[in-house]
Amino acid sequence: MKTISITTPEGLLEADYYVGGPHWVLLCHGKVFSKADWGELPNQLHADDQRSVLCLNFSGYGDSAGDQDPTRYAKNIDAALLWINQQQPETVSMLGASMGAVAMMDWAFTTESSVTLQNTVLFAPRSARPVQIPTSNLYGVFNNDEEDALAHIARLENCLPTVQIRRLSGHLHAQNNLHCEQAADTVRLLRSLLIDS
């Protein structure tokens with residue numbers, strides 16, 4: 001793994017780059033998390049499946065330029081995908097946790113990019129909007145006992161009718177699942193959704 005900087009008109013974005021093969025995964029963190037909070041998931045994707053993995057820090061996180069401003073995160077994703085595209089990938093999949101999942105929906109709503117994602121995973125978004133995400137497979141992941149989980153699932157299914165819902169046990173939220181006793185189960189589920197076509 002190496003840490004890189006992605007140039008954008010608003011400044012540099014920091015990202016961890018796991019150098020692998022032509023199949024890529026972009027990871028977009030949640031609000032109270034950062035690129036460092038993905039636990040063993042990037043290592044598993046890279047080591048087991050030889051995928052190239054890019055863990056982005058949104059604006060204002062870590063050494064990424066700017067303020068923590070959610071209105072900028074869709075452009076952050078555009079910049080990360082442009083950088084990935086310059087590496088000539090065969091496929092690109094994307095996972096967003098909580099705020100990162102909402103940012104992915106904002107990206108799909110605003111982007112002019114022609115990218116088509118292989119697999120897209122929305123991990124515990126707390127809001128949703130009607131949008132067409134350019135992806136072959138779309139998944140939503142939620143903890144069964146998280147506060148208002150049923151309402152969040154219903155909202156996501158209403159806004160994105162093609163989404164396939166997967167559930168984790170427990171009440172934790174998003175990336176917290178990667179730092180607890182069920183971390184291995186969480187990694188196994190997310191990995192399966194990201195690598196299966």
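**Exercise 1. Is D185 buried, partly exposed or exposed, and what is its relative accessibility?**

*Solution.* Before starting, note that this is a predicted model, in which local features need pLDDT of at least 70, side-chain atom pairs count only at pLDDT 80 or more, and totals for chains, interfaces and linings use all residues. Residues are numbered from 1 along each chain as its sequence is written, and side-chain values use heavy atoms, with hydrogens and water left out.

Step 1: Recall the classes, in which buried means under 20% relative accessible area, exposed means over 50%, and partly exposed lies in between (1.4 Å probe, protein chains only). Step 2: D185 has a relative accessibility of 43%, and therefore counts as partly exposed. Step 3: Look at the partner of this residue, since the side chains of D185 and R188 meet in a salt bridge with 2.6 Å from N to O; a salt bridge is a side-chain nitrogen of Lys or Arg within 4 Å of a carboxyl oxygen of Asp or Glu. Step 4: Both residues belong to helix α5 (residues 183-195), where being 3 residues apart separates them by about one helical turn. Helices (H or I, at least four residues) and strands (E, at least two) are DSSP runs, numbered from the N terminus.

**Exercise 2. Find how many salt bridges the structure holds, and describe the pairs formed by D16 and by R129.**

*Solution.* Step 1: The structure holds 4 salt bridges. Side chains of opposite charge can pair when their charged atoms come close. Step 2: One of the bridges joins D16 to K35, whose closest N and O atoms are 2.9 Å apart. D16 is in strand β2 (residues 11-18), whereas K35 is in the loop between β3 (23-28) and α1, so the pair ties together parts that are 19 residues apart in sequence. D16 is buried, with a relative accessible area of 8%, and K35 is buried too, with a value of 13%.

Step 2: Another bridge links R129 with D106, with 2.8 Å between the closest N and O atoms. Here R129 sits in the loop between β6 (117-123) and β7 (135-143) and D106 in helix α3 (residues 99-110), so that parts 23 residues apart in sequence are tied together. R129 is partly exposed at 28% relative accessibility, and D106 is partly exposed with a relative accessible area of 21%.

**Exercise 3. Determine how many disulfides a search of the whole structure finds, and explain the result for C28.**

*Solution.* Step 1: A disulfide is a pair of cysteine sulfur atoms within 2.5 Å. Step 2: The search of the whole structure finds 0 disulfides. Step 3: For C28, the closest cysteine sulfur is that of C55 at 9.5 Å, which is too far for a bond. C180 is likewise in no disulfide, its nearest cysteine sulfur, again in C55, being 18 Å away.

**Exercise 4. Which element supplies the largest share of the lining of the largest pocket?**

*Solution.* Step 1: On a 1 Å grid over the protein atoms alone, a pocket is an open set of points where a 1.4 Å probe fits, with protein on both sides within 12 Å along at least five of seven lines, and lining residues have an atom within 4 Å of a point. Step 2: The largest pocket has a volume of about 420 Å³, a volume being the space filled by probe spheres set on the points, which are joined across faces, edges and corners. Step 3: It is lined by 24 residues, of which D78, L81, L82, W83 and N85 are the closest to its centre. Step 4: The largest share of the lining, 9 residues, comes from α2, while β1 (2-8), α2 (73-86), β5 (91-97) and β6 each supply at least two residues.
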